[in-house]
Amino acid sequence: MSTESAPAPQSGTAEDVKQGPRIAVSALTTNLREYGLIIALIVIMLFFQYTTSGTLFKPVNLSNLVQQNSFIIVMALGMLLVIVAGYIDLSVGSVAGFIGALAAMMMVIWPLGIFSNPLVVSIVCLIVGALIGAAQGYWIAYHRIPSFIVTLAGMLIFRGICQALLGGGSSVGPLPDGFKALSSGFIPDVIGPLTLIPPTVNAAGKTIVGSGLTLHMTTIVLGLIAVLAYAYFGFRTRRKREAHGYEAEPFPLFVVKTLVGSALALFLVFQFASYRGLPVVLLVMGVLISLFVFVTKRMTIGRRIYAMGGNAKAAQLSGINTERLTLMVFINMGVLSALGGLIIAARLGQAVPAAGLGSELDVIAAVFIGGASAMGGVGQVIGAVVGGFIMGVMNNGMSIMGVNVDWQQVVKGLVLLGAVIFDVYNKNKA
Amino acid sequence: MASTILEMRDITKTFPGVKALSNVNLSVEEGEIHAIVGENGAGKSTLMKVLSGVYPSGTYEGQIVFRGQECHFKGIHDSEHIGIVIIHQELALVPMLSIAENIFLGNEHATYGVIDWNANEKRTKGLLDKVGLKEDPKTLITNIGVGKQQLVEIAKALSKEVKLLILDEPTASLSEKDSQALLDLLLEFKRQGMTSILISHKLNEVNRVADKVTVIRDGRTIETLPRKDISEDRIITSMVGRSLDDRYPPREPQIGEVIFEVKDWSVYHPIHAERQVIKNVNLNVRKGEVVGIAGLMGAGRTEFAMSLFGRTYGRHITGEVSLHGKRLDLSTVSKAVENRIAYVTEDRKTYGLNLIDHIKHNVTLANLRGVSSRGVIDDMREMSVANDYRKKTNIRASSVYQLTGNLSGGNQQKVVLSKWLFADPEVLILDEPTRGIDVGAKYEIYTIIARLAAEGKAIIVISSEMPELLGITDRIYVMNEGRIVGEMAASDASQEKIMRAIVRGEGKKAS
């Protein structure tokens, strides 16, 4: 960049005059980017709701949607940090497949005694994931081997090990029910169900499907607590900013945002409650998403990752241990890949050689659709999550519509390209 | 009487919301060296972009007449075609290609796309002779220094049969010696009848070579001075619109005891392990003292500073550093920062800032602990810190949420300074703190340095601009080829004395 950028005059007065509107405009444009994505998701959902004649939002389908895509979103959380840090990880799908195979072997084939307990196996698998991440991260961080190459090697290696473990082309299962609950389970209703509309019972004593409405009350209560917490913390942050004299977003915008957000959340909670309640995996995902939002927005380690991705040399000269940070980012990715692998295996109820095959591309696409920059330093957790859901809704909706898998790929590719072009165009305009 | 080669009349260029140029007039005579000066943001580069067709005809108002013809350039290609060639501040060479390949890039001697390398290299040889560069045309750009790269750029311009050569800050990253050589070359071209436009911040250079100086301020032509009226003071007055009695803020040094000391510091090259880059350097800084390190480009000053600061340069580093008589462990950057040493890097865009993040995040980066507890950042505290330093260092920005990549050079430098001030150092090493920034911003940086010294900090300034060192420091070390070859009080130092120390140091090495 030239030291002399023409549209930035140095005179103080001109700047002062422009200051007010410029803040408002920048707040609006940054918000637009974030909301634009959520609005896009809603539009896509409404589109499929229409084309699938109302199937998409059916409680049972929403549960499926979450269960089918949760592993993509879980891995996207790790991938976001990897990409923000300025790297890429192509091995996540293979690592997930390998971990699924490892878990199945430990639970079903190998005589491990009490160590084949699903909980123990899961913990061991997460640790193995961390070690894989550390092994790849070590070469990237301390020997400066490009992450593209290291993880491409990892992609081949772990897919190979996965297939070898399973003995060629066979699958291993069935996995114990306790383990499958991770993906296909629902949280227990400790409060007890509430029947709003008593089910109609016909003469034969059989329930006529669809005419009764029983709510999973624990889900409703959890949902209400979450929405209230969301509104409360949003309001508190706002008050705190105002108390310090900093301009927050305009109050009406805040209210509308909170109301719309809460209404959407409550709608989804209601849908889940009228089926079998909150899927376990959604709870896991929700906790992880909150954790990663907090880490990236509020914690020093998150800030350091952004700084490293933005300018690694400057970060290093500011006292940031970029090597260790890189290693940690890849360890985190390894753990989340392992968790993704467990979720896939739990959903399928068995380990198959092709588990997670190609999912690294969905994960990376989710992060880029979510607005991350391929150059590093830019990207948001919420963006990656919404990006993941956009991919998921498209998969789900097109499958219900009966669109051929080949053409599904074409559409997903076009959406990815379109999202990034939109981003670049917006950036150049600003 | 020479004829007018270029006439720009009433050039007005508007960007959304900003008038970058308003009714600028420039008239350049055949065979002269015409300097254009002005503060950053005054509109010099914009004017040159209009002239070279970067902003195509129609996006601005006014007329361009070149050799009697009115011109309507659609792009750079058009202007180059009739002989106007601009060499930008940031060199546009491909590092992994050879000199010959770079010179004829996009303009190769070729038949049906097949390149005739012999013809290219032969012509390159001729061009390199003209600019006085003794290098094999096959040498890769990455293997030659910035000074020589600049010469390659000029050779490239010559290959296009240039009638009007425009140089935008050609000496900004060159050493004194290379700068002199470049200016001599310009004078040589002038003798051969070439016309050039020189954009520069370095008024002594302008003073030396220019036949005329046009001063631009706030997008307007202020005046064009003929040779006989050119003097630094005259130009500065015209540039800033007020008279700067003193280019350096007044200060009364209050110097205490020695607090920072480096003993027998030796460093070897990170790749060529047998090459010693820093040789037994000893230096000390007193409380409240500003110490300068003078030297030519490549003297080892930056390498010395970086090897001190968390061993970010070099291998086999030996020596001792102490603060208040206590030996320090500076083996990592974070230890150096904990021990209250700060190093403001030389190249702010590459080493100093995260350009895609805003001011607030940049200011707190070196001291995140100062705005967080148990790893959680207190947003409000960070906000007030950022605003505080924005005021203290007078960063001109719409808010602390402005991206640092969109700031001018001077304001970027103030952000980097703020970052290190917030880390609360006792010893502050500043490497070329005013390179590429305008006179007004320089004065502000000097004021900050003076204030820090008055607060009792120990300050080391590395600078290639000798007048600057003479103006703001109390004591000057002269460094050459990795050695300290002289030490003098700023009050009895002069540019000649410093140069003599350097030359003597070189003589010593030869014997």
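In chain A, among contacts between residues at least 6 apart in sequence, 78% join residues at least 24 apart, two residues being in contact if their C-beta atoms, placed from the backbone, lie within 7 Å. This is a predicted model, in which local features need pLDDT of at least 70 and side-chain atom pairs count only at pLDDT 80 or more, while totals for chains, interfaces and linings use all residues. Residues are numbered from 1 along each chain as its sequence is written, and chains are lettered from A, with ligands numbered from 1, in the order in which they are written.

The secondary structure of chain A comes to 15 helices and 2 strands; helices (H or I, at least four residues) and strands (E, at least two) are DSSP runs, numbered from the N terminus. Of its 430 residues, 41% count as buried, a residue being buried if 20 or more other C-beta atoms lie within 10 Å of its own, exposed if 12 or fewer, and partly exposed in between, with C-beta atoms placed from the backbone.

| Domain of chain B | Residues |
|---|---|
| domain 1 | 4–240 |
| domain 2 | 256–340 + 427–511 |
| domain 3 | 350–424 |

The C-alpha centres of domain 2 and domain 3 of chain B lie 25 Å apart, and 11 residues of domain 2 are in contact with 10 residues of domain 3. On the domain 2 side, helix H15 (residues 439–454) of chain B gives the most, with 4 residues. That side of domain 2 divides into 7 nonpolar, 1 polar and 3 charged residues, where Ala, Val, Leu, Ile, Met, Phe, Trp, Tyr, Cys and Pro count as nonpolar, Asp, Glu, Lys and Arg as charged, and the others, Gly among them, as polar.

Strand E23 (residues 475–480) of chain B runs antiparallel to E24(B) and is joined to it by 6 bridges, and the bridge partner of B:Ile476 in E24(B) is B:Met488.

Another open sheet of 6 strands in chain B has the order E6-E9-E10-E3-E11-E12, again with mixed pairing. Strand E6 (84–87) and strand E12 (220–226) of chain B stand at its edges with a single partner strand each, so one side of each is left without a neighbour in the sheet. The twist averages 20 degrees from one strand to the next. Strand E3 (residues 33–37) and strand E11 (residues 212–217) of chain B run parallel and are joined by 4 bridges, with B:Val213 in E11(B) as the bridge partner of B:Ala35.

Helix H5 (residues 146–159) of chain B has 10 of its 14 residues buried, so it is largely enclosed by the rest of the structure. Its buried residues, including B:Leu151, B:Val152 and B:Ile154, pack against E6, helix H3 (99–103), helix H4 (117–131), E9 and helix H6 (176–191) of chain B. H5(B) is followed by B:Glu161, whose phi is positive, near 50 degrees.

Definitions and conventions:
Domains from an automatic or database assignment. Pairing = 2+ DSSP bridges. Axes fitted to C-alpha atoms, helices over the stretch in contact; angles between N-to-C directions.
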